[in-house]
Amino acid sequence: MSFISYLINGISLGSIYAIIALGYTMVYGIAKMLNFAHGDVIMIGAFVVLNMVTLAGVNPIIAVLISMAVCTLLGMAIEKIAYKPLRNASSPLAVLITAIGVSYFLQNLALIIFGADAKSFPNLITLPSISLADGKLVITGTTIATIITCVIILLGLTFFVNKTKQGRAMKAVSEDKGAAMLMGINVNATISLTFAIGSGLAAIAGFLLCSAYPSLTPYTGAMPGIKAFTAAVFGGIGSIPGAMIGGILLGVIEILGKAYISSQVADAIVFAVLIIVLLVKPTGLFGKNIQEKV
Amino acid sequence: MAMLKVENLDVYYGIIQALQGVSFEVNQGEVIALIGANGAGKTTTLHTLTGLIPSKKGRIVFEDQDITKIPAHKIVEMGIAHVPEGRRIFADLNVLENLKMGAYTRKDKGEIEESIEQVYKRFPRLKERQSQRAGTLSGGEQQMLAMGRALMSKPKMIVMDEPSMGLSPIFVNEIFDIIQEVSAAGTTVLLVEQNAKKALSIANRAYVLETGKIVLSGDADDLLNDDSIKKAYLGE
């Protein structure tokens, strides 16, 4: 029974990684850049929820919505100020290094505003726990909410990308920016929209992460950010289902590794799995081998 | 009155000058060919025209409106569709989705459906393959898709960059027949081609580009019989 319980915890943690990984993978797919500040947007989102609820006494659902709005604007602002001017830079490293800079900037900004000490995040998810098999298996409300949210986001995004005009524009931009412009697609607006969606999702991830692991510091987003990036690469960067599957697998591997091998080396196991996957299939699980007709 | 007027265009890639004072005109209903060797500036001219690269000097006027500074994504709505070199269809989308991308700036769903039917009528092969991934089409079919996609914006002028490149002789003939059909249906055509003979055979007038400059222009029939053209471009 404990295996199933670990598995469910792993899926739940993996769902959070998956939501974060979606932000990485969508931005990579469209703008062909790695937004290493993405993890820190999660942290900002969690701080917004925390302060809205504890200082302003706002209803938790409203607080999450406000946090999504703040992160959406933050993501768009980061793109406009820090990344857009470098879009045609001669080296792709320029924007990568800028992203690392933005990451440190956000961490230090949070340090100044919120302080260095860990804040305890209140339990805002009031769903009841489910008790199965005579109480041997308990699934918490937070776990249930996390997994359900993840499924809704995946379905919503899949619908958006495949069935709406903006979504198809995103696919077109990710394949060929120039050709997309010739169709009349505003590429700058499409990239901005991608950052907006990824960052809005980061706010949800921040809330779910801190609900499951209720300690919040300015560095809270860094490690999950790196792991979600790993998940995105694992699943095949640029692929939405890849990010989902990669995130969930990563969460499961991490929790099972902690439970059965060692909690100290669990992170190392996660990265070792990534290395093995990339050796066997360099494009990741769902990455496509690009074959072009000439 | 010229539909499109390009005046003294200077374009640079970094410090390298790609176009020097390029000027030409396209009148409504004409088929105009831009011919020249590799690297002469043909593609650069088209990219500047549809806003993919900026010009340093010069002016582009389309239907009395200065479009020199208008961004690429707004050019389509003004009535210019660009079939890019190498076709650049969206390989991951299917044939129908590619055509719909061509109508991205149009709103009326019913009219778009009508245009899709028209494109299918012109290219029956695309209809057979409408739910197939565009990346799996043959080169000639991809060229047809690229042309169909451009026609989906209902352009007043269609700009085509090397439509015959890499195609088998049968497809080359088919593509040139279609260009003539498109022209006959009332769309103005600006055609860039390395296959000068073919291009001149269907064009009204032509301009010859050499290292970023227009060196010769005139009626296509006259150019076909011009000795220097014959020697340099027609392999005679």
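In chain A, 48% of the 294 residues are buried. For chain B, buried residues come to 45% of 236. Keep in mind that this is a predicted model. The two chains touch: 22 residues of chain B are in contact with 18 residues of chain A.

**Chain A overall**

- Chain A is built from 11 helices and four strands.
- Its radius of gyration is 19 Å, which agrees with the value near 19 Å that a compact globule of 294 residues would have.
- If you take the contacts in chain A with a separation of 6 or more, 75% of them are between residues 24 or more positions apart.

**A stop at A:Y104**

- You'll find A:Y104 in helix α4 of chain A, which covers residues 93–114.
- A:Y104 has 13 C-beta neighbours inside 10 Å, so this residue counts as partly exposed.
- From A:Y104 to A:A189 it's 85 residues in sequence and 26 Å in space, going C-alpha to C-alpha.

**Chain B overall**

- Chain B has 10 helices and 10 strands.
- The globule rule gives 18 Å for 236 residues, and the radius of gyration of chain B is close to that at 17 Å, so chain B is as compact as a globular protein of that length.
- The C-alpha trace of chain B spans about 45 × 40 × 35 Å along its principal axes.
- Of the contacts in chain B between residues at least 6 apart in sequence, 67% link residues at least 24 apart.

**The sheet in chain B**

- Look in chain B for an open sheet of four strands, with antiparallel pairing and the order β2-β1-β4-β5.
- The edges of this sheet belong to β2 (16–27) and β5 (65–66) of chain B; each has a single partner strand, so one side of each has no neighbour in the sheet.
- Strand β1 of chain B, residues 2–13, runs antiparallel to β2(B), and eight bridges join the two.
- To see one such pairing, find B:L9, whose bridge partner in β2(B) is B:V22.
- Helix α1 of chain B (residues 42–49) packs on the sheet, where it touches β1, β2 and β4 (57–62) of chain B.
- The direction of α1(B) makes about 70 degrees with that of β2(B).

**Where chain B meets chain A**

- On the side of chain B that touches chain A, the elements giving two or more residues are α2 (72–78), α3 (95–102) and α6 (139–151) of chain B.
- The largest share comes from α2(B), with four residues.
- By type, the residues on this side of chain B split into nine nonpolar, nine polar and four charged.

**Two helices packed together: α3(B) and α6(B)**

- The axes of α3(B) and α6(B) are 7 Å apart, and the helices pack at an angle of about 35 degrees.
- The crossing of α3(B) past α6(B) is right-handed.
- On the α3(B) side, the contact uses B:V95, B:N98, B:L99, B:M101 and B:G102.
- On the α6(B) side, the residues are B:L145, B:G148, B:R149 and B:A150.
- Sorted by type, the residues of this contact are five nonpolar, three polar and one charged.

How values were computed:
Residues numbered from 1 in each chain as written. Chains lettered and ligands numbered in written order. Predicted model: local features only at pLDDT ≥ 70, side-chain atom pairs only at ≥ 80, totals over all residues. Pairing = 2+ DSSP bridges. Contact = placed C-beta atoms within 7 Å. Axes fitted to C-alpha atoms, helices over the stretch in contact; angles between N-to-C directions. Nonpolar A, V, L, I, M, F, W, Y, C, P; charged D, E, K, R; others polar. Left-handed = near helix turned anticlockwise from the far one by under 90°. Rg over C-alpha atoms; globule rule 2.2 N^0.38 Å. Buried ≥ 20, exposed ≤ 12 C-beta atoms within 10 Å, placed from the backbone.
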